Each structure stands twice: as C-alpha cells, then as structure tokens.
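Here is my note on the two-chain model, point by point. Please read it with the structure open.

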Amino acid sequence: MSAIHVDELEAIELDDGFVWRPVRRHFDIRAFGVNAYTALGAGGQIVEEHTEGSLGHEEIYLVLRGRALFTVDGHEHELAAGQLVFVSDPELKRGAVALDADTVVLALGGKPGEAYAVSAWEPMFAAVPLARAGRWDEAIALHVEALADQPDHPSLLYNLACMEARGGRSLDALLHLQRAAELEPRWAERARADEDFASIRSEPGFPT
Amino acid sequence: MSGYQIVTLADLDRIEVPGSPVLRPLRHALGVTAFGVNAYTGDEPGDVVIVGHSEPGGPEELYAVVSGHATFTIGEDTVDAPQGTLVHVPPDTFRAASAAEPGTMVLAVGAKAGEVFAPTGWEDFYVAEGMRQRGDLKSGRAALRDGIARNPAAWQGHYNAACFEALAGDVDAALVHLRRALALNPAEVGRLAGADSDLESLRADRRFAEAIG
C-alpha cells in the first residue's frame, strides 16, 4: 500500500533522545528528503540540534500534531500543528523539543540546484536498532548498500568499520577505517578512543 | 529573521480557480527551490483537495494530511486518510483526493528523481491568478513574465500572459504572447482563444483574427 499513518511508521529511538520515523526509506522516495520525528515525551528532543552545513539542504519542519519549541539561530519559536519553520540557510543551527507528548514533526529537505541524493546519515540511523540487537551482518549490509552510491563517504566508512569490528570482521574493519582516515584524518584520532575498535586497536595497520 | 521563516499554513493566500482545489502557494511564499511543496484546502466534505491526475514522466509526490480527513483514490484503490496520513504516489499513477471533514488541508511535496528541481508553469499561473484576484494585476503580469523567462518553450505561460496583458489593456503585448503560444501549440491555443473571455479586448483587433485564423 502506498499510504501509511505517521503513527504506524517504524520508530527508531536514537541516542540523542529523539525518535526517527523513516518516511523516505518507507516509500523509497528518490526525489527529496522527508522524515517524521517524535519525542519520548513532553519536553523531549524531537529535532536534533544540528546544521545542514555539510549537506547544503534547505529544510522545512512542519508540526503535524501537537506543539514544539524550535530554536533556530538562537531564537525560540513555539509552533503548533499546521505551523512550520523553513530554514533556507544551511549553516543555521536548529533543533526542537516537543511540548506535547504526541507531537509529530515532518521534515522535508533538499539541496537547491542539485538532484536529490540520499543522505549518508539515513543508513547509519537505520542501523542503530540492528547494532543494539547485535545483528551485525544486517547492520553491515545497510552500510555496504549505502556505500555503493557514496563509496568515499568518510563517516559511512567509519561507521561500517565500527560494525565490522564489533561483528568480528577485523580485516574488513581495518581496511574501511584506514580508508576513512585517509579521506579525513580526524577519524583516525576518533578511532583511538572508540570502544567499537577495542578488538582491533593493537592490530598492525590500525591508524595512529 | 534572516535565513529562516515561520509560516502558519492557514494564513497563506487562498487561490481559487474554477474547477480546481483551493491552493495555498507555500513554495512561492517561502522561496523553496529544492523541491515543490504546496498545500490544498477543502472547506467542506466533498470538496476536491487534489484534482484527479497522473504525472507521466514527471515528479513523484508525497501527500500529507495536515488537518481534517481526506479520501484518496490511488490507481483503483480508495484510501481513507485521517489527519497524519502520508500517501506516496509514483509519477504514472492516477491520484485524486477530496475532503471527508470540514477544514481539510493536504500538503503536497514533489520533485523528479535524478533531476534538479525547477518550478512548473502551472504554479506561476496560480500565483499570478492569486495576485489578480487581490486586484494586483501588475504583480500578476510580472509573475507570468518571470515564469516565461524560466520556461520560454511552454505555451501555457505565453497563453496566460496573453490573457493577463489583454485584461490590463495592453493589446500589443497580449498579441505577441498569443502569437508565441499559437506557434508552440496551435491546436490547443486556437481552441482556447476562440472562447476565452479574458481575450475579449483583442477581438476587435484584426491581428487577433489573423493570428487564430
């Protein structure tokens, strides 16, 4: 069926305390970004504090139900159902907390002047519940699939290496971690303190 | 506020064109350029909120029921869509929707996969028509000229510009646009122009008769 109620979407609780409802992935939309977000309760984070600087997206956040307190560029705005904030400047920091327990925010995004490409954070978010359950092969498969479209995406490579190290695929983990560090040296520094790599930190070739 | 805007959907312009649902021109109001996004309102049960159509070779679309309750027809299926329902429709699939409750609003989001988004001509017309309905014909004419500049090969833009110029009394400009529209689609433009009351001010001009034949 090509229709779903937002409450029936998969609910993926993320470490920052908000709940991702993957709309784009559910329908396999390829022309624009779209996702819904809910909170764990009133006062909980519903849109993570972030910028779109790396993606260059302009974004609309529509309150579909309930109320949310948005903070955009340091300014607070309380929005109710049927109200939205359009953030055209990707560099502006934005985030929101739910004011009602059942608040839903629908987020739409894309980069002006470019055809839409699926954002790398999506497979990483989608892998979170798999990783929590120790289903490493499935979590790895999500990253490998995403890398087919973006083979040199440093954070995807790094996250894949984490999953592979946890899943016992030491050699694959080392290779992907090395590639991430080649592309962005900051990943080598991060890896040195990352618990995910405890099993391979003493291996030859671990980035230093 | 610089770099962001706050909007209440219910406060957006209402653009009512006979035979079409009430458009709330969100994309134009915000200046969104990465994807298409507009809202449609059905005030009473039975009001059309999405006119029946498909988009062969065009955008994939997502509809979100923002308020009220809608009934969609997707292909041959009927979909009951209370507030909070999301409906995804591939380009070639027929879709239509009507309000099932007073005060129904549907948000429509669309773009073509693999291509840079560009606004389509129908939106220019609706925006221009909204301006005309508010008595601001000058801005409506300007909006249509902007649309023609973006998409000069679309007959609809030139035809609508001919109508607006004729309503404004600029016969020469109206005839230029009408001739251009006729060159791009003689059959459809000839059929429309013959009976369109917007072009009334042109009919006494011999150039009009020469143009439509």
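1. Salt bridges overall. This is a predicted model. Over all chains, the count comes to 31 salt bridges. One of them joins the side chains of A:Arg67 and A:Asp100, with an N to O distance of 3.0 Å. The two residues are 33 apart, so to say, in numbering terms: the pair links distant parts of the chain. A:Arg67 sits in strand β7 (residues 67-72) of chain A. A:Asp100 sits in the loop between β10 (94-98) and β11 (104-110) of chain A.

2. Salt bridges between the chains. How many salt bridges are there between chain B and chain A? The count is 0. Polar contacts are another matter: 16 residue pairs are in polar contact between chain B and chain A, both residues being at pLDDT 80 or more.

3. Who supplies the chain B side. Six named elements of chain B matter here: β1 (4-8), α1 (26-30), β5 (60-67), β7 (77-82), β8 (85-89) and β10 (104-111) each supply at least two residues of the side that touches chain A. By class, that side of chain B has 25 nonpolar, 12 polar and 3 charged residues.

4. Extent of the interface. In contact are 40 residues of chain B and 43 residues of chain A. The area buried between the two chains is about 3200 Å². Carbon and sulfur atoms give 69% of that area.

5. Which strands make up the open sheet of 7 strands? The order is β2(A)-β3(A)-β4(A)-β11(A)-β6(A)-β9(A)-β1(B), and the pairing is antiparallel. At the edges stand β2 (12-13) of chain A and β1 of chain B. Each has a single partner strand, so one side of each is left without a neighbour in the sheet.

6. The two ends of that sheet. At the chain B end, strand β9 (residues 83-87) of chain A pairs with β1(B) in the antiparallel sense, over 5 bridges. There, A:Gln83 has B:Thr8 as its bridge partner in β1(B). At the other end, β2(A) pairs with strand β3 (residues 18-21) of chain A, again antiparallel, over 2 bridges. A:Ile12 stands opposite A:Trp20 in β3(A). As background, strands of a sheet pair through backbone hydrogen bonds.

7. Chain A as a whole. Chain A has 6 helices and 11 strands. Its radius of gyration is 18 Å, close to the 17 Å that the globule rule gives for 208 residues, so chain A is as compact as a globular protein of that length. Along the principal axes, its C-alpha atoms fill a box of roughly 55 × 30 × 30 Å.

8. Chain B as a whole. The secondary structure of chain B comes to 7 helices and 10 strands. The radius of gyration is 19 Å, close to the 17 Å from the globule rule for 213 residues, so chain B is as compact as a globular protein of that length. The C-alpha trace of chain B spans about 55 × 45 × 35 Å along its principal axes.

How values were computed
Residues are numbered from 1 along each chain as its sequence is written. Chains are lettered from A and ligands numbered from 1 in the order in which they are written. This is a predicted model: local features need pLDDT of at least 70, side-chain atom pairs count only at pLDDT 80 or more; totals for chains, interfaces and linings use all residues. Side-chain values use heavy atoms; hydrogens and water are left out. Contact means heavy atoms within 4.5 Å. Buried area is the accessible area (1.4 Å probe) that two parts lose on being put together, summed over both. A salt bridge is a side-chain nitrogen of Lys or Arg within 4 Å of a carboxyl oxygen of Asp or Glu. A polar contact is a pair of N or O atoms within 3.5 Å; within protein, one must be able to donate a hydrogen and the other to accept it, and residues adjacent in sequence count only if both atoms are side-chain atoms. Helices (H or I, at least four residues) and strands (E, at least two) are DSSP runs, numbered from the N terminus. Ala, Val, Leu, Ile, Met, Phe, Trp, Tyr, Cys and Pro count as nonpolar, Asp, Glu, Lys and Arg as charged, and the others, Gly among them, as polar. Two strands pair if DSSP finds at least two bridges between them. The radius of gyration is taken over C-alpha atoms; the globule rule is 2.2 Å times the number of residues to the power 0.38.
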